[in-house]
Structures are given as structure tokens and as C-alpha cells.
Amino acid sequence: MSVTGNLPAGHEPEPWIEPGHTYASVTDKISSAVLTRPLGIGWLLGFAFLFSIVMVLNLAIGWLITKGVGIWGINIPIGWGFAIVNFVWWIGIGHAGTLISAILYLLNQKWRTSINRFAEAMTLFAVACAGLFPLIHTGRPWMAYYMFPYPSTMGIWPQFRSPLIWDVFAVSTYGTVSLLFWFVGLLPDLATLRDRAKTRWQQVIFGMLSMGWRGSARHWHRYQSAYLLLAGLATPLVLSVHTVVSFDFAVGIVPGWHTTIFPPYFVAGAIYSGFAMVLTLAIPMRKAYGMEGFITLRHLEQMAKVMLATGLIVAYGYFIEFFMAFYSGNKFDVFLAKQRLHGPYAPFYYALILCNILTPQLLWFKKVRRNIPALFVMSLIINTGMWLERFVIVVISLTRDFMPSAWGRYSPTVWDYATFVGTLGLFTMLIFLFVRGLPAIAISEMRELVHEDSHGSEGHS
Amino acid sequence: MDAMSDHEHDKQLRILEGPLAAKPAPGGGHDHEDGEIVDDTLREHRLELSAVRERLKDKSGKQYWRTLEELSGDPHFEELLHREFPRHASEWDDAVDRRDFLKLMGASLALAGLAGCGRPDESHIVPYVKQPDGMVLGKPNYYATVMPFGADAVGVLVESHEGRPTKIEGNPDHPSSLGATSAIVQASILNLYDPDRAQTVMEGGEIRAWSAFLGSAQEAATGAKAAGGAGFRILSGTVTSPTLAGQLRKLLALYPQAKWHQWEPAVSDGAREGAKLAFGRVVNTVYVPAKADVILSLDADFLASGPGHISYAKQWAGRRKLDGTNDSMNRLYVVEPTPTVTGSSADNKLPMRASDIELFARALAAKLGRGNAVSLPGDAEKWLNTVAADLAKAHSSSLVVAGEQQSATVHALAHAINAALGNVGTTVYYTEPVEAEPVNQLESLRDLCADMDAGKVDLLVILGGNPAYDAPHDFDFVRKLEKVHTSVHLSPYFDETSAYCHWHVSESHYLESWSDARAYDGTASIVQPLIAPLYYTKSAHDVVAAFGDKPGQLPYDAVRAYWTEASTHLGTAIDAGWRKWLNDGVISGTKLPAISPELKFSPASLPALEGMPADQVEYIFRPDPTVYDGRFANNGWLQELPKPVTKLTWDNAALVSPKFAGKNDLAHKVVSRGGEHGQVRSAVVDIELNGSKVTAATWTVPGQAENTVVLPLGYGRSRSGFTGTNKGFNAYAVRTSNAMWSAAGGKMTATGDGYSLACTQYHFNMEGRQILSTATLEEYQRNPAFPQEKREEVAKDDSLYKAFTYPGYAWGMAIDLNKCNGCNACVVACQSENNIPVVGKDQVMRGREMHWIRIDRYYTNSPASMDGGGNTGDPSQYSPALDNPETFFQPVPCMQCENAPCEQVCPVGATTHSTEGLNDMVYNRCVGTRYCSNNCPYKVRRFNFLRFQDWETPQLKLLRNPEVTVRSRGVMEKCTYCVQRINNARIDAEKQNRPIRDGEIVTACESACPTEAIAFGNINDPTSKVAKLKAQQRNYTLLGELNARPRTTYLGAVRNPNTELEKA
């Protein structure tokens, strides 16, 4: 998974942190966003706007629970629509955070340091948005607890053969581990904030959150082992969660779902979209909070390379889907493949190819990889493309399955859009709160980086 | 609020108790005394609406009322109010905080109060102190009765739960039913509980007591008598009730100058006039398709509409039973302008304009040596020669049927041809008319209109029917009706005609009143009520009696009196006979004997026919396959029932052929919302015809004659009720008396607009998949296992797992596609049995209709769209195969797979497999992920996306089958193989310590099916009907390659086309 590699010999490596930073400057810079910097009008307006979108989400969910899922565009045969598309998309986005914080940590990739904190936050918030959908998309959300294996007096258990039950376990494990990992990583920084806090309430809150962290060697020792263990725990989740999500489809018999390529292809797609989302968030944030020194161009380029690599795996997945349809000769699969190209939803498929396969090819060029506006636009395109991919898989497959008499189509309603936009709002609002409430970049790890830089270590051990 | 619910509650109590009085023990079932009490109360407390309006006029929106008494400002009430509620009385006027609540409650209370004022005190529900004889609570009783319909009556057995009729089954002893029913018969029970029914007698929009009507009627009668009945007219539909006819005749005797007119909008006078032409008098024609080897239908949809169609379908299908390769099949030729159920089931079909059918009939007669030779256009000529030769070959076992909407000449020619073929006496016979008084109804209505226009009519009594809506446009019935001094309308709804009549009497449903009726072969039956009238409704017998010398005579007494007299001719004592007739549902010995009228008609004597130019577009009028002439417009089951061929719901549309659509740019656009399984936007046209104009959506129908445009009747109702008002377009608006069934010279212009139609199946192409296996008889004889060809089924033991064994019962179903004609009876029967909700047009357009069994319609001769050259399955994209496609129907219920893909994926185990092989749905457990539906390859699962079921309307609560859960929103549902029926049979069998017998369990779809296409039973028992069918080589599994191992299997359809025509 080492995508950065060593730079060619003789080439002076760019530092992972802007030269001239000291322990104090790093701490000042990062903690100021939380402790001292006043709430600007931009933040307030943005927050107000996002809050109103979250209210739209509340309204959409309230109405949904009042009336039923019939307010959405789903029907027979398209039993799953935006809700599941959004679920898969959000879960996928979360994956980059875990990959950055866990796998890159284990692989000792120093460049992860400045982005891992908010990538993890992104993971958490994305999982929160994702987790919402399976719950509210059920016909009777108040009965959704049936899906948990609680000891029932009736002796009824969930039906463990169903991939949806696997989903419940996968997503809830993922959410829990991500939260723990994030929180454990935050501990030293919370203590820093506690120590630097000027107001009483900040001291109390950060004091409680830092759980008595004093920075003793013993603390650091235990902290390092716990962090390493959690990284080890989170690592398989990067692969397993989206694999399980892909089983929702792969285990089904619907043409277009029933494909063995799905698990790796979903994981690659998840990381692909996750890195795109990290870029979408990091580029404006580093600008707004003057963190260009921490999240350097080199970071962005690194992430672009990951996107290129995973994008190629995704492209391979698309190719294999087509190839297998024709190679197997299964008439239903062949028909569906042709439908994707010629059917009523063909424009979506072509848009998907454009977004996910053609656009990222520009990343072969270093100029593009180091062009920040281009990267930002591309990250948006890839996020759109990955959403389209899920739409193509979930919806288009269902519109053309086995019985031509039952073929149908799908079009979302205003409530579908409201719910989707609402979760975008919720996600962004949580990010807004996060950047002002917690250190968006790991202070302690950045200090390590300063230490290593000043001692001339590149960090590849 | 409390007052409201009490009121509703009381109403319900009364309804629940009603049937106890009406328990159809002979002699019971009339609530005469109740009626009297009601009348007194009404008279005492009746509110003058005008006074109320007066009082309300100067009230502003801030003052509300709670009761009618308060509304009328009764000082006693105010005093009572203050005495009873000293603290809250002042709040009465304080409308600020309870504004909206009181506004709604007050208004609905006032209205409900109006509807219910004067009810006698209701008693409370108490358990039976003495249980009525023969009633075991929780066990349904079945009563025989008949549903009168046009010139026919269908015998039914009605399931009654504690006095509530809930389900209609066919009566095997009745000739029109033979145990089966039709979609309309099945759905008729919903009309009984329709909350939109008219509920009281009204005069000029105000409620009147029945006694007030009786008084007025007698007053009018006295006036009429003085004039010898000169200005007295009665307008009825076709009457087959001997009692009603007797009452009417007595009335006419009482008023010698009074006249009785008849009018049915959807049946032409062709049959009557044709008989007159052929035999010099009206006779009733009865077909015996069971004896016919070759049948030619001249635009006759005799398998799905018209008198006797259920029996005809049964007989026709009986001759298509294929147990082995030695079995023979009949052959059905159909010439028709637009595809019907009959035409779609034909072995050979020729689309032809309705106006050309006469030409065809003449040519056929000529070929058979009757009349002068007529030449037909190219294709038709060859077709004719072949058919004529085939018919002649099957001498005396062939049959020619003329369509209900065809002209007198065609009917006469059909009689002549049948005579020439020696069929009379074998496949067709004649009887005296079933109708009490056969008249030319168009002329009858014309006379009435002329008299009304001339001011000659003082008193018009309309018994049923809705002439203001369905009379020919040029009669201008409404304007003329306004000239009538006193008009009385009896009808179940306050409809278009009621609005223009002085009096409206709400009509009882056939399940709540006594009457009698004759079936298509003359067999008479007593219509016995299952329940006391739900509202203050009366039957035609009451209304006719009101004007006669026995006002207030009860229908029961009238019917009983008639049959007391008639019993002497039948040689049965009335007391013994009556009980037996009610029990059997038929009056034995009343079947009309065959007569041999002399054929006085020579086709040669016909004047030369002026054929229509080949490119002339004709507009034809047809009754709608579901709402018929409009009388079922308010029936949600029929509105939502996909029409057999077009699969449209909730609307009619001007049907055009693919070629015609192409020429005139009448496009369809599938809308994403529901797509092919829901919403199609089609071009809207203005049709100018006979001097008036109507705007209609168009619909392309493969297999329609090129220059025919069909305008289905029965839609565009302006006063039908919540369900039926303003659906579709009103074809009666362009129908005139000189072109009742076929009109030329119309002009069609596209408006450029689109209209969304709810179509449940748009795609008709099987895309090369083995979904519906078909073969010709020859192919079948060569290879009886034709459905197994090119199949990729997985062998049962090709699994790592040990197959589950079903040692006890193993329920299974076999559907013989050879017999299914797509008539839809099963769909409505299932809806009725299983409490399936109606979702409305908007939800159908979103692809969310709830039918547990659907009928798929495929055109087999169009190649798969993706393999090139074929049509994409879109009727608006022309391909030559659509000119005359081979049409097949396939009923699709839940397949009850042994390897059910749905069960695997349910996260909560809400759909599980029973040890008898049923794929059970546990509604309580379902959380509604819809994964099961996604994974169901047959797409037979239905989801309650919203709360589709009506939980409030008290009438609809009575309708429901108490043995089937009423599903709430958010749960999945689907066909259960009528598990409640299985368990009822199991209980009976276990009580008697014996296994369940074959045939003991009959699913709702199976029992309704006129053609016996569906068989259900224990497949572990090799002697069971279903096991024998499944053992046939024709048996195949739908999408067998998926290895879902369905318990429902199909028997391949075999057609018996004339190979000489195939070669052409």
C-alpha cells in the first residue's frame, strides 16, 4: 500500500512540514483555531446556512416517519433508491479516513500526520450520515431494532444469512472502532488544549475530555501501544466494511448485482471517493485557517496519486463487469450490460465513465497533481462519479431484471433530494463544528514531525 | 368529537346487527317496522335546510355550531348546555384556540348529523343469548344468490361472516356461473360497501322519508290515473326479473296509456333486430362452445363479456384441455377491430374495422352458398377462404358468433351461416327471449325523448341507469328531462341523472334486497339479500309498487307472490320450492326450452353494401373492459384493475393502431417515475365527431385494425363519487344515435399536450427469455416437451446441501397457459379474498399497485429488442409484427419457491419457509427493507409504501375478510396461496382425523377462474389434480435457470392455428 515510495536518489525531498516551524509555532497555530481565533462572519454564515440544511433533513425525516417511505421515489421493482445509494456512498467516503489513520500509520507514512485527524473526523461524520440511511429507509424504522441480536422473549434472532445483518455488524463495528481510534488519538491534544485554555468552561470541557492526560512517559508508552493496537484493529475494517456492503448486492441474484468482483472493486471505490472527499475538505480548510504549512502541496500530490491508483482499480472493475457479462454468456447479465450502454439510464453510465475513469487520467501529469484548483475540481468530479456508480449499480440493475413485464424506472422525489442534501449539510456542519472545536491537525504528531525534521530524518524507517 | 365517534359507532352497530334481521332464512330479512319508526322521527325532528341557511347567512367564520340543535338556535339546547357543562359552555364561542379543530369537527358533524338524523335509538352489542341456527361465530356461512347484469344474471355463493357479506364465489349449480365468476362479479361486493352510495331518499337535494316519497308517488299516481296514465313514463334498463316485469305489466294495465321504455347504453340492438331480421321475431341465442370444433367470432368478445360469457369461456377452455398428444383442440378464429380477451386468445386472428365485419360476414355467407359473392381486400379474402373451408369441414360442429356491438345484419348473417353449417341444435340453439320485454332500446329511448320534448311526459320514473350521462348525445336528454313535470330516479349513486330529477331514491345493492333474475339460458333464480340495507335504500320493486295499487308492498312479498303463482306451473309447492330455490340459487325447471324458429332471411335479399373506403378512419364505441358502461366507475377494484389487453388503469384512452399512431405522430413517452411499470405519457388529441368534440389521451394497441379508433365508454363521469369522478374522457359526448357503435368522418387533431396514463405493463417483449412457452398444436404433437427446449434448469440434486424433504403436504400450483384468456377474474378475486388495498392512480403511476396476482401480457412474435431488428417492447415504436401480434397471457402469483431468493436476504426472518413449502410472510416481523422484493426474480412482492389501507371508513371495515390480516404501512406482502383457506381445510380434516382431500382447498384465484386454468393442491399426492398437471410434459418452471425451484409452474400454451393461414 506504499504509494508514495522514495523519491529518486539525488533529489532533495520536499519536507512534510513547512520549514521554520517549531514546537511552539505548531501548537500555537493549530490550537489557535480552537482557543483564540474569534468566530468570523464567514464561519457564522456558513454554519447558519448548514444548520438550516440540517433542519431540512429533520423535516424530511420527520415527514418520512409520518407518511412512510412512499414519499420517496422507490417502487416495485426499484425497492432501493437514493437511500441505499447514499448509504454506500457515505460509507465509502469514510474509508479514506481509516486508511490514512490506520494503514498509513502502520506503514509509517509520515505524510499522513497532517491530514489524519480531520480525515478520521470525516470518517466518523460520514459513517454517521451513512448509518442514518439504512435506519430510515426501512418501512417501519421503529422496528429496526429487530436487526440486532438482542435476547428476545420470543426467541427470535435476526436472520444471519442476510447481508443486511452483516451490514449492521460491519457498520456498527466500524463506527465504534473509528470513534475510539479518533478519541485515543485526540487525547494528548486535548490535554494541550486544556493546558492552554484561558476560559473556565474550556478548561472544564477539555479537562474532562483529556481524561487526566499528563504527558508522562508512561502515558506516552501506553498511548503508543493503544494507538498501535487500534490501528491494527481498524486496518482490516478498511477492507471488510465495504466488502460487506458490496455483499448486499453481490449476494442478491439481480443481474448487475450478482458479481464476484464487487468486494475488491467496492473497497477500491471507497478509498477512491474517500481521498477525493479529503481533498475536497482539505483544500478549502488549509486556505481558510492558514494551514498551508502543515498540509503542503506534497500532501495533496500524494493523495492525488492514491486517487489515480484506486481509480485505475475501479476502472478495471468496470471492465471486468462487462467482460464477465459477455464471457459468462448469461443472457440476463448481457442484457443488463447492453442496457447500461443503450437503456434509458445510459447517460448516467457515460457520465460515470467520464467522471471516474477519464477525468482522473489527468493525474498522470505532475502539473495537474500540483495544481490546487484542478485537484479541487477533480475531487468534486470524482465524488460525483462515485455517487453515480452507486446509482448505476443500485437503481439501473433493478430497473431491468428478470421479468420484462415487471420492468420499471425510478425517479427521485423532492424528499429524496432533501434527505441527500440534508446529509451533505449535516456532514459539512459537523466538519464546521469540528474545525472550531477540536484540533483539526494532530498537534502532538506534528511536533514529532518537527522534531524529526530538525534532526534530518525523513521518517521512512 | 365524542358525539361524532358515538354516532359512527352506532351506525356501525346497526350495520353489524342488520344481518341478524336479514339472515336469509326464508321469509325473513325485511325491516319494515324499522322503516316506519325512522319516518316518524324524521318528520318530528327534520330540520329545514332553508332555515339553517338563513341562520348561517349572517354568521361570520368565528361562530361554529356543534349540533344541529345548536345550529338551529334552539333555546332548550342552550339551556341544556349550560346546565350540563357550566364551566365549558362559555368556551363554545371562544373559537380562538380551537379554531381549526372546531371548524372541521363542526362542519363534519353537521353533515354527519344531516345524514343520520332521525335514526332510531340503537341497541348495544350483546353476545348471542340464543345463537341463530346454523351460525357458528367465526365460521362463515355461504348463501346462494344471483347478480343481475344486463340480459344475464350470474349465480353466486356469497361468503358471510356474522352477517357481513365479504366474498363472492361462483355457484356451480347456476348455468351462468358453473362455479366461476368474472372480474365484475367479484368486484360487485365493493359497490355494496361503497361509502359514496346514495343513502336516503332525496327531493330537490333535501332528505325525505320514504313515506314522503310514497305519499308523493301516490299523489302523482292519482293524477296520472285521471289521465289514464297519459303522461306517465317508465325508463328501465334491460329487465330479466320476472317479478319486476310482472309488476311493470300490472302498472301498465293500471295506466293504459303509460309507456315503459328501456335503455342500456353498452349493448346494441343488433342481436334483437338481427333475430327479427332472421326469424321475424326476437329470440335468444344460446351458444354451446363445448360442442364446437371450429369457432368464428365476428367481433364478439364472447369469452369475456355479454350474457353467458363465463359459461362460454368454461366450455371453450374445456375443449383446449391437453392431457396428451392425442387430445384435440378446438380452433378459434376471430375477426375484430380491436384486441379483446377473445381475440387475444384466438388461434388465428384478423384485425378488421368494425364496419367491415358485415362485408366479411356477407362474403362468408356467400362462400357457404348464401347470398351474393362479395369481394374483400387481399389478405382478408385468403383468410376468408381458409376459414370458410374450415368451418364447412366442421359441419354441425362449428360455430359463428356475432358481436354484441355488431349490426342487425351481421347477427342475421350469423344466424344464416350457423343454419347453413348445420350448427343449429348442436353448437347453437334458440329460446324465447330472456328479456321480459325485448324492444329496440335506441328507438325506445328516442320515443321517450320525443315525448319529453313535446311536453307529453308529466311523470318519469327512471329505474336504474344513468341516461343523462349515457344517452346518445343528439338526444339532448338533460334538456328534455327538465321539461318533465315530475321525475324520479332510482339509482345506487346520486349521479348525473339524479342531479336533474326531482326525486332521487337510493337503490339497494343486489346483496341487500329481494328480487329475481333470469340467466342467459332463461334459468331463473331468486336474488336473496345477505344483509339488511346499509342505508335507506329501496329496490325497483319498491318504486314500481309505490306508483301502483299496492304502495309499500315489500320486494320480498312481490317476489314471493310472483313465484307462488309461478310455482303452480313449475309443479312445485311454493313452500318446499322456495327453500330449495334459495338454497340452490336456481329455480329448477325454469331453463327456457330450445325452439326452432324458422329462418326467414336470405342474405341474397340484402341491399348492396356500400363499403367504407379503405383509408377511412372509423371511430367505434365499446364498453370498457373494467368499468363497463360507467356503472362501475366508482369501484376502486375495477378502476385499478389493469384492462386485459392495454394494461391501463384508472383511465380510458382513445385506442389506435401502431400504424395509425405512426402516421399521426401519436407518441408515448415512458416517464421515469414509474416507468414501464407505471407511468406513460401519451399524446392528447381532440376528436371531433358527430358535431361535438372530446379531448382524449391516445394509446397504441398492437393488433388493432389500422384505421380504427376505439373510444371506450364508461369514463369521464362528472358525478360518480370519490373514486370515479373525472377519470378518463367521456366517449358518450361524441356518440349520436345515428352512429351508436361506429362512426366515420371524425377529425382527430393532436393538441400537442401529453397526458399521463397509469399502465402496469408497458414492455411486451420477452427479450428472448423463456418466460412464456408457446407452441402450435403440431409442434406440441411432435414434441410434447416443447417448454423444456433450450432450458438451462439445474438438476435438483446438483447441490452440496441435502435437499429439504417435504414429507407431509407439499402445496403447489399449476397454471395452464393454454386455458388462460387473461380475463382478470383471478386478480379481483384475490383482491377481495386477501383485503388488498386500492392505491389510486398516482401510486399506480409510481409502480406501487398491490395486486398479489397479476396477468402479464406478451406479444410473442416480436424478436428481442437487443438482438436487433426487433421492437424495443414499446408499442409506439412501429414494427410490422405489431400489426397482428400473437398475444399470450400469463397470470403471475407468488411462485412459492423452495429455494426462495427472498427468504435468504430478509435480515429479520420475516419471510420464512413452512414445512409444507409455503413461503410465508410474517407481517409483524417485517421491518420493510424491501430487499426481498429486490431479490425476487418474479417481482411478485408488494410493499405498503404508504398506508394504503383505509382504516377509517366504517363501511370498508365490514368488507374485509376477517381471516386475513389487514396490513399496515411499511410491510411487505404477497400471495400466500390463500393460507387461510389451507388452514380452514386442515382444521376440518384434523377434526375428522383424515388427510386433506384433493380439491378441498380452492384458492381464490382458482375458484374464480372461468377457464379452470389454475389448479392448486398437494403435489406429494400423485393423484391430485395439480400433481397430474405437473406431471405433464408441457409443465415448465418460470425462469428455471435461476434454480429457485418454484412451486408454481406453468403448462405451456398451445395454439391451434390453421397452418394454411400461417403460410401466408
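How many bridges join strand β23 (residues 678-689) of chain B to β27(B)? The number is 10, and the two strands run antiparallel.

This is a predicted model, in which local features need pLDDT of at least 70, side-chain atom pairs count only at pLDDT 80 or more, and totals for chains, interfaces and linings use all residues. Residues are numbered from 1 along each chain as its sequence is written, while chains are lettered from A and ligands numbered from 1 in the order in which they are written.

**Strands of chain B**

Strands (E, at least two residues) and helices (H or I, at least four) are DSSP runs, numbered from the N terminus. Two strands pair if DSSP finds at least two bridges between them.

| Strand pair | Bridges | Sense | Residues standing opposite |
|---|---|---|---|
| β23(B) and β27(B) | 10 bridges | antiparallel | B:Ile687 and B:Met748 |
| β20(B) and β27(B) | 2 bridges | antiparallel | B:Leu648 and B:Cys759 |
| β29(B) and β38(B) | 4 bridges | parallel | B:Ala814 and B:Thr1049 |

Strand β29(B) belongs to an open sheet of 4 strands, in the order β36-β29-β38-β37, with mixed pairing. Its edge strands are β36 (1014-1018) and β37 (1035-1036) of chain B, and each pairs on one side only.

**Where the chains meet**

The contact takes 52 residues from chain B and 45 residues from chain A. Residues are in contact if their C-beta atoms, placed from the backbone, lie within 7 Å. On the side of chain B that touches chain A, α27 (901-905), α28 (931-935) and β34 (942-943) of chain B each supply at least two residues. Helix α28(B) gives the most to that side, with 4 residues.

How values were computed. Two residues are in contact if their C-beta atoms, placed from the backbone, lie within 7 Å.
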